Amino acid sequence: MGEGLILLTKTGGGLYHPSFMSNPILIDPVAFAREGRTRTGKIAVAELDPRVHDSLADTSGEAEFVLVGSVDRLRRPHLTLTVNVTLNVPCQRCLEAMTETLSTRADVVLFFDQEKLEAAATEDEELDAILAEPEMDVIALIEDEIIMGLPFAPKHEVCGTEALERAKNDKPNPFAVLAKLKKSASE
Ligand SMILES: [Zn+2]
């Protein structure tokens, strides 16, 4: 994988821009929903787009997903995506890796035109709506779910002593120093 590709994906920024790292899982979302199809699978975190890796301490682990298509009570095509994944994220206090298990669920209603989508979204603030495309990459949806599901500032409940020592030497962090003082006082 060349540097150029990585740069390109970083400047992308859009919700469903193409992923260069993994083979896409392409579906016709409307047909998938109307036919009530189900798709399950696993994907290595290492194969996800760099925009996911940016928030991680390493790229170990794999994401399990279930995508279920249905038609909702208003007869609109509907997708439910659940993702389960255990990731290593950097602790915002000591910067050492910590394990974070995500279980996310997205319920998305597909619309055929922007006006109807906006009207429905105004009426129902909880509604997750997207415009139906002839082709949709399930991997990109999974990546969005992981990015949105990640905690904003993950921290160990108690950071390791060794990690604290390193964090303190690297750059003074008042919380790390305080935690260390408290620990030595109780010894
Ligand atoms: Zn920590």
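**View 1. The hairpin of strands E3 and E4 in a predicted model.** Strands E3 and E4 form a hairpin with 5 residues between them. In the turn, Arg75 has a positive phi of about 65 degrees. E3 covers residues 62-71 and E4 covers residues 77-90; the two run antiparallel and are joined by 9 bridges. Strands here are DSSP runs of E with at least two residues, helices are runs of H or I with at least four residues, and both are numbered from the N terminus. Two strands count as paired if DSSP finds at least two bridges between them. Residues are numbered from 1 along each chain as its sequence is written. Because the model is predicted, local features need pLDDT of at least 70 and side-chain atom pairs count only at pLDDT 80 or more, while totals for chains, interfaces and linings use all residues.

**View 2. The hairpin of strands E4 and E5.** E4 and E5 form a hairpin with 6 residues between them. Leu95 in this turn has a positive phi of about 70 degrees. E5 spans residues 97-111 and runs antiparallel to E4, with 13 bridges joining the two.

**View 3. Thr82 and its partners.** Thr82 in E4 is the bridge partner of Val66. Thr82 also stands opposite Arg105 in E5.

**View 4. The protein chain as a whole.** The chain has 7 helices and 7 strands, in the order α-β-α-β-α-β-β-β-α-β-β-α-α-α from the N terminus. Of its 187 residues, 22% are buried, a term that requires 20 or more other C-beta atoms, placed from the backbone, within 10 Å of the residue's own.

Conventions:
Buried ≥ 20, exposed ≤ 12 C-beta atoms within 10 Å, placed from the backbone.
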